[in-house]
Amino acid sequence: KILLTQNAKTGYFLILSYYVSEISYALQPIINLYEKPQIVLYSNIFSLYNLVLDIILIKQYGIMGAAIATGSAVVLSVPYYFVACKKIIGITFTLPFRSILATYINIIPGILLLIYIDSQLLNIYELGITALIFVLLYLLLSYINKPFNDYDRTILNSSIGKDIFVF
(Lines give C-alpha, C1' and ligand atoms only; values in the text may rest on other atoms or scores of the structure.)
Protein backbone atom coordinates (compact mmCIF):
# COMPACT_ATOMS: atom_id res chain seq x y z
CA LYS A 1 0.00 0.00 0.00
CA ILE A 2 1.41 3.32 -1.09
CA LEU A 3 -1.58 5.66 -1.02
CA LEU A 4 -3.39 4.54 2.13
CA THR A 5 -0.62 4.50 4.71
CA GLN A 6 -1.32 6.45 7.90
CA ASN A 7 0.98 9.29 6.85
CA ALA A 8 -0.66 9.47 3.42
CA LYS A 9 -4.14 9.62 4.96
CA THR A 10 -2.97 12.46 7.18
CA GLY A 11 -1.60 14.29 4.15
CA TYR A 12 -4.82 13.80 2.19
CA PHE A 13 -6.84 15.23 5.06
CA LEU A 14 -4.60 18.30 5.27
CA ILE A 15 -4.63 18.81 1.49
CA LEU A 16 -8.42 18.70 1.45
CA SER A 17 -8.71 21.18 4.31
CA TYR A 18 -6.25 23.58 2.71
CA TYR A 19 -8.10 23.24 -0.60
CA VAL A 20 -11.21 24.49 1.19
CA SER A 21 -9.26 27.29 2.85
CA GLU A 22 -8.00 28.62 -0.48
CA ILE A 23 -11.39 30.29 -0.83
CA SER A 24 -10.60 32.62 2.08
CA TYR A 25 -7.13 33.52 0.74
CA ALA A 26 -8.85 35.47 -2.01
CA LEU A 27 -10.16 37.80 0.70
CA GLN A 28 -6.73 38.82 2.00
CA PRO A 29 -6.15 41.57 -0.59
CA ILE A 30 -9.61 42.99 0.15
CA ILE A 31 -8.91 43.01 3.88
CA ASN A 32 -5.60 44.79 3.22
CA LEU A 33 -7.18 47.22 0.77
CA TYR A 34 -9.81 48.33 3.28
CA GLU A 35 -7.17 48.43 6.04
CA LYS A 36 -9.07 46.14 8.39
CA PRO A 37 -6.30 44.15 10.13
CA GLN A 38 -8.65 43.38 13.02
CA ILE A 39 -10.28 40.73 10.83
CA VAL A 40 -7.00 38.83 10.70
CA LEU A 41 -6.33 39.55 14.38
CA TYR A 42 -9.67 38.06 15.43
CA SER A 43 -9.03 35.01 13.24
CA ASN A 44 -6.26 34.05 15.68
CA ILE A 45 -8.99 32.45 17.78
CA PHE A 46 -8.70 29.54 15.34
CA SER A 47 -5.01 29.21 16.22
CA LEU A 48 -5.98 28.91 19.86
CA TYR A 49 -8.65 26.35 18.90
CA ASN A 50 -5.97 24.44 16.96
CA LEU A 51 -3.59 24.48 19.93
CA VAL A 52 -6.22 23.20 22.38
CA LEU A 53 -7.35 20.47 19.99
CA ASP A 54 -3.72 19.50 19.34
CA ILE A 55 -3.17 18.98 23.05
CA ILE A 56 -6.31 16.86 23.32
CA LEU A 57 -6.10 14.83 20.09
CA ILE A 58 -2.38 14.14 19.72
CA LYS A 59 -2.33 12.03 22.88
CA GLN A 60 -5.00 9.72 21.51
CA TYR A 61 -4.59 9.84 17.71
CA GLY A 62 -0.98 10.90 17.16
CA ILE A 63 -0.23 12.68 13.90
CA MET A 64 -3.78 12.15 12.63
CA GLY A 65 -5.03 14.05 15.70
CA ALA A 66 -2.79 16.98 14.78
CA ALA A 67 -4.08 16.84 11.22
CA ILE A 68 -7.69 16.84 12.43
CA ALA A 69 -7.03 19.81 14.71
CA THR A 70 -5.22 21.82 12.05
CA GLY A 71 -7.58 20.89 9.23
CA SER A 72 -10.70 21.69 11.20
CA ALA A 73 -9.26 25.04 12.34
CA VAL A 74 -8.46 25.94 8.75
CA VAL A 75 -11.90 24.90 7.48
CA LEU A 76 -13.70 26.74 10.31
CA SER A 77 -11.81 29.94 9.54
CA VAL A 78 -13.33 30.16 6.03
CA PRO A 79 -16.90 31.08 7.12
CA TYR A 80 -15.42 33.48 9.66
CA TYR A 81 -13.65 35.46 6.95
CA PHE A 82 -16.82 35.72 4.86
CA VAL A 83 -18.96 36.83 7.81
CA ALA A 84 -16.28 39.26 9.04
CA CYS A 85 -15.89 40.83 5.60
CA LYS A 86 -19.64 41.24 5.35
CA LYS A 87 -20.06 42.77 8.83
CA ILE A 88 -16.87 44.84 9.13
CA ILE A 89 -16.27 45.88 5.51
CA GLY A 90 -19.81 45.52 4.17
CA ILE A 91 -18.95 43.33 1.18
CA THR A 92 -20.93 40.22 0.36
CA PHE A 93 -19.66 37.39 -1.79
CA THR A 94 -21.31 34.70 -3.80
CA LEU A 95 -19.55 31.43 -4.40
CA PRO A 96 -20.02 29.36 -7.56
CA PHE A 97 -21.47 26.39 -5.65
CA ARG A 98 -22.47 24.58 -8.85
CA SER A 99 -18.90 24.70 -10.13
CA ILE A 100 -17.47 23.62 -6.78
CA LEU A 101 -19.93 20.71 -6.55
CA ALA A 102 -19.20 19.67 -10.16
CA THR A 103 -15.47 19.71 -9.42
CA TYR A 104 -15.93 17.46 -6.39
CA ILE A 105 -18.19 15.11 -8.37
CA ASN A 106 -15.51 14.91 -11.07
CA ILE A 107 -12.84 14.04 -8.51
CA ILE A 108 -14.75 11.29 -6.65
CA PRO A 109 -14.43 8.51 -9.32
CA GLY A 110 -10.68 9.08 -9.52
CA ILE A 111 -10.34 8.90 -5.75
CA LEU A 112 -12.35 5.67 -5.68
CA LEU A 113 -10.07 4.30 -8.42
CA LEU A 114 -6.99 5.21 -6.39
CA ILE A 115 -8.40 3.56 -3.26
CA TYR A 116 -9.22 0.39 -5.22
CA ILE A 117 -5.85 0.21 -6.98
CA ASP A 118 -3.74 1.10 -3.93
CA SER A 119 -3.23 -2.47 -2.78
CA GLN A 120 -1.92 -3.46 -6.23
CA LEU A 121 0.64 -0.64 -6.59
CA LEU A 122 4.17 -1.95 -6.22
CA ASN A 123 6.40 1.00 -7.14
CA ILE A 124 6.50 4.68 -7.94
CA TYR A 125 6.16 4.13 -11.70
CA GLU A 126 2.82 2.41 -11.27
CA LEU A 127 1.77 5.27 -9.01
CA GLY A 128 2.72 7.74 -11.79
CA ILE A 129 0.69 5.84 -14.36
CA THR A 130 -2.25 5.74 -11.95
CA ALA A 131 -1.97 9.50 -11.43
CA LEU A 132 -2.00 10.02 -15.20
CA ILE A 133 -5.14 7.88 -15.46
CA PHE A 134 -6.66 9.95 -12.65
CA VAL A 135 -5.99 13.19 -14.55
CA LEU A 136 -7.40 11.80 -17.80
CA LEU A 137 -10.48 10.55 -15.97
CA TYR A 138 -10.95 13.97 -14.38
CA LEU A 139 -10.65 15.72 -17.75
CA LEU A 140 -13.14 13.31 -19.33
CA LEU A 141 -15.62 13.86 -16.52
CA SER A 142 -15.06 17.62 -16.76
CA TYR A 143 -15.92 17.44 -20.44
CA ILE A 144 -19.15 15.59 -19.61
CA ASN A 145 -20.05 17.41 -16.38
CA LYS A 146 -18.85 20.92 -17.36
CA PRO A 147 -17.77 22.47 -14.04
CA PHE A 148 -16.97 25.82 -15.69
CA ASN A 149 -19.51 28.28 -17.06
CA ASP A 150 -18.80 30.49 -20.08
CA TYR A 151 -17.38 33.29 -17.96
CA ASP A 152 -15.00 30.90 -16.15
CA ARG A 153 -13.81 29.41 -19.45
CA THR A 154 -13.18 32.88 -20.88
CA ILE A 155 -11.05 33.84 -17.88
CA LEU A 156 -9.09 30.55 -17.93
CA ASN A 157 -8.49 30.70 -21.68
CA SER A 158 -7.43 34.36 -21.62
CA SER A 159 -4.94 33.69 -18.82
CA ILE A 160 -3.44 30.78 -20.79
CA GLY A 161 -3.56 32.57 -24.14
CA LYS A 162 -5.20 29.65 -25.96
CA ASP A 163 -8.68 28.23 -26.11
CA ILE A 164 -7.93 25.06 -24.15
CA PHE A 165 -11.06 25.05 -22.00
CA VAL A 166 -13.75 24.87 -24.64
CA PHE A 167 -15.92 22.31 -22.86
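The legends below describe close-up views of helix 7 and its packing against helix 6 in a predicted model. Local features need pLDDT of at least 70 and side-chain atom pairs count only at pLDDT 80 or more, while totals for chains, interfaces and linings use all residues. Residues are numbered from 1 along each chain as its sequence is written, and side-chain values use heavy atoms, with hydrogens and water left out.

**View 1. The length of helix 7, residues 124–145**. Helices are DSSP runs (H or I, at least four residues), numbered from the N terminus. The end C-alpha atoms of helix 7 are 31 Å apart, which agrees with the 32 Å that its 22 residues should span at 1.5 Å a residue (1.5 Å times one less than the number of residues). Helix 7 is followed by K146, whose phi is positive, near 50 degrees.

**View 2. Buried and exposed residues of helix 7**. Seen down the helix axis, the buried residues fall within an arc of 115 degrees, so they line one face of helix 7 (the arc is that of the directions from the axis to the C-beta atoms). On the other side, Y125, I129, L132, L136 and I144 are exposed.

**View 3. The contact of helix 6 with helix 7**. The buried residues of helix 7 pack against helix 6 (97–117), where contact means heavy atoms within 4.5 Å. Residues of helix 6 including I107, P109 and L114 meet residues of helix 7, among them F134, L137 and L141.

Methods:
Helix = DSSP H or I, 4+ residues; strand = E, 2+ residues; numbered from the N terminus. Buried < 20%, exposed > 50% of the residue type's maximum accessible area, 1.4 Å probe, protein only.
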